Amino acid sequence: MNTASSSTARTSRYPANLPISRKAYDKFVERIHRVFPTDPETVGHMIKLMKMYLAKGEAALEPFSISARVAFAFLAQDIDVAIERSARARQRAR
């Protein structure tokens, strides 16, 4: 990860009690920044969508526009994989 993307990933703080690891969260934030490198407003919206999705699932996306939900759907598939991976890791740790 380069310095610019590293610092941008850190600007979006990792909220407590997420169903994914901090590492996975930072990778998703970095990916959002790579997709929208010149559009900080869209970056902010996508990170907000991600946090809402992680906290409340798909129903949290309903208030957003169709285009935002479609754009987010590509990321959601990978987020779901990360949620499953983190759940298995927590289960093994118990």
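Arginine 34 and glutamate 30 both sit in helix α2, four residues apart, about one turn of the helix. Helices (H or I, at least four residues) and strands (E, at least two) are DSSP runs, numbered from the N terminus. The two residues form a salt bridge, with the closest N and O atoms 3.4 Å apart. A salt bridge here is a side-chain nitrogen of Lys or Arg within 4 Å of a carboxyl oxygen of Asp or Glu. Side chains of opposite charge can pair when their charged atoms come close. Arginine 34 counts as exposed because its relative accessibility is 54%. Glutamate 30, at 13% relative accessibility, counts as buried. The classes are buried (under 20% relative accessible area), exposed (over 50%) and partly exposed (in between), with a 1.4 Å probe and protein chains only.

The model is predicted: local features need pLDDT of at least 70, side-chain atom pairs count only at pLDDT 80 or more, and totals for chains, interfaces and linings use all residues. Residues are numbered from 1 along each chain as its sequence is written, and side-chain values use heavy atoms, with hydrogens and water left out.

The protein chain has four helices and zero strands. Along the sequence the pattern is α-α-α-α. Of the 94 residues in the chain, 33% are buried. Contact means heavy atoms within 4.5 Å. Among contacts between residues at least 6 apart in sequence, 47% join residues at least 24 apart.

Two salt bridges are present in the structure. Aspartate 78 is partly exposed, with a relative accessible area of 34%. Arginine 31 is also partly exposed, at 29%.

Two packed helices are described by the angle between their axes and the distance between the axes. Axes are lines fitted to C-alpha atoms, for helices over the stretch in contact, and angles run from 0 to 180 degrees between N-to-C directions. The axes of α2 (residues 22-35) and α4 come within 11 Å and cross at roughly 170 degrees. The two helices are therefore roughly antiparallel. Angles under 35 degrees count as roughly parallel, over 145 as roughly antiparallel, 65 to 115 as roughly perpendicular and the rest as oblique. On the α2 side, Ala24, Phe28, Arg31 and Ile32 meet Leu75, Asp78, Ile79 and Ala82 of α4. By class, this contact has six nonpolar, no polar and two charged residues. Ala, Val, Leu, Ile, Met, Phe, Trp, Tyr, Cys and Pro count as nonpolar, Asp, Glu, Lys and Arg as charged, and the others, Gly among them, as polar.

Helix α2 also packs against α3 (residues 40-56). Their axes come within 9 Å and cross at roughly 150 degrees. This angle makes α2 roughly antiparallel to α3. The crossing is right-handed. Tyr25, Phe28, Val29, Ile32 and His33 of α2 make the contact with Val43, Met46, Ile47, Met50, Lys51 and Leu54 of α3. Nine nonpolar, one polar and one charged residues make up the contact. A crossing is left-handed if the near helix is turned anticlockwise from the far one by less than a right angle, and right-handed if clockwise.

Serine 86 lies in helix α4 (residues 66-93). Serine 86 counts as buried because its relative accessibility is 11%. Not counting residues up to four places away in sequence, serine 86 touches Pro19, Ile20 and Ser21.
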